Amino acid sequence: SVDAVLAAMRTHAADARVQEQGCCALRGLAEDDALKTQIVEKGGVEVVVRAMGAFDSKLGLQLLGSGVLLSLAASTAELRRRIAADGGVEAITTAVAGHLYHEGLVLLCVGVLMALATEVEVKQRVGSD
């Protein structure tokens with residue numbers, strides 16, 4: 001469940017493996033539109049952003065975290081605004097800066113930014129970073 005994954009990620013915030021597995025689980029859960037809203041409302045974006053920031057050198061975690069954010073961003077305008085407000089833009093730009101030569105991650109991150117930039121207030125943030 002969303003609650004179980006987020007609880008594990010919060011409890012084991014210093015464990016890169018738990019964070020990576022948590023992002024993988026959230027990515028799968030985010031395939032369900034109803035669960036996307038739950039993930040965001042229960043603080044999932046903040047948890048993913050925190051994991052990406054804590055382990056910015058871990059490519060696998062950056063790929064999975066970006067995948068979660070992309071899946072969530074492909075939903076409603078409200079979820080896109082929440083992702084931006086909860087640090088999603090900064091997490092994505094940091095991921096790209098740290099792994100500039102990994103084409104797959106860069107393309108994934110560009111996809112997230114494009115999805116987020118469909119909202120005017122988010123577009124202004126994306127353009128300013």
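Good morning, colleagues. Please keep in mind that this is a predicted model.

I begin with the charged side chains. Side chains of opposite charge can pair when their charged atoms come close. Across the whole structure, a search finds four salt bridges, and I shall describe some of them.

In one of these, Asp3 pairs with Lys42, with 2.9 Å between the closest N and O atoms. Asp3 belongs to helix α1, residues 2-11, while Lys42 sits in the loop between α3 (33-41) and α4 (44-54), so the pair ties together parts that are 39 residues apart in sequence. Asp3 is partly exposed, at 45% relative accessibility, and Lys42 is also partly exposed, at 32%.

Next, consider Asp33 and Lys36, which form a salt bridge with the closest N and O atoms 3.4 Å apart. Both residues lie in helix α3, three residues apart, or about one turn of the helix. Are these two partners buried or exposed? Asp33 is exposed, with a relative accessible area of 53%, whereas Lys36 is buried, at 7%.

A further salt bridge joins the side chains of Glu31 and Arg27, at 2.3 Å from N to O. Here Glu31 is exposed, at 55% relative accessible area, and Arg27 is partly exposed, at 31%.

I turn now to the cysteines. How many disulfides does the structure hold? The number is zero. For Cys24, the nearest cysteine sulfur is that of Cys23, 8.8 Å away; a disulfide requires the two sulfur atoms to be within 2.5 Å. Cys24 is partly exposed, with a relative accessible area of 45%. Cys109 is likewise in no disulfide, the sulfur of Cys23 being the nearest at 12 Å, and Cys109 is buried, at 0% relative accessibility.

Thank you for your attention.

How values were computed. Residues numbered from 1 in each chain as written. Predicted model: local features only at pLDDT ≥ 70, side-chain atom pairs only at ≥ 80, totals over all residues. Heavy atoms only, no water. Buried < 20%, exposed > 50% of the residue type's maximum accessible area, 1.4 Å probe, protein only. Helix = DSSP H or I, 4+ residues; strand = E, 2+ residues; numbered from the N terminus.
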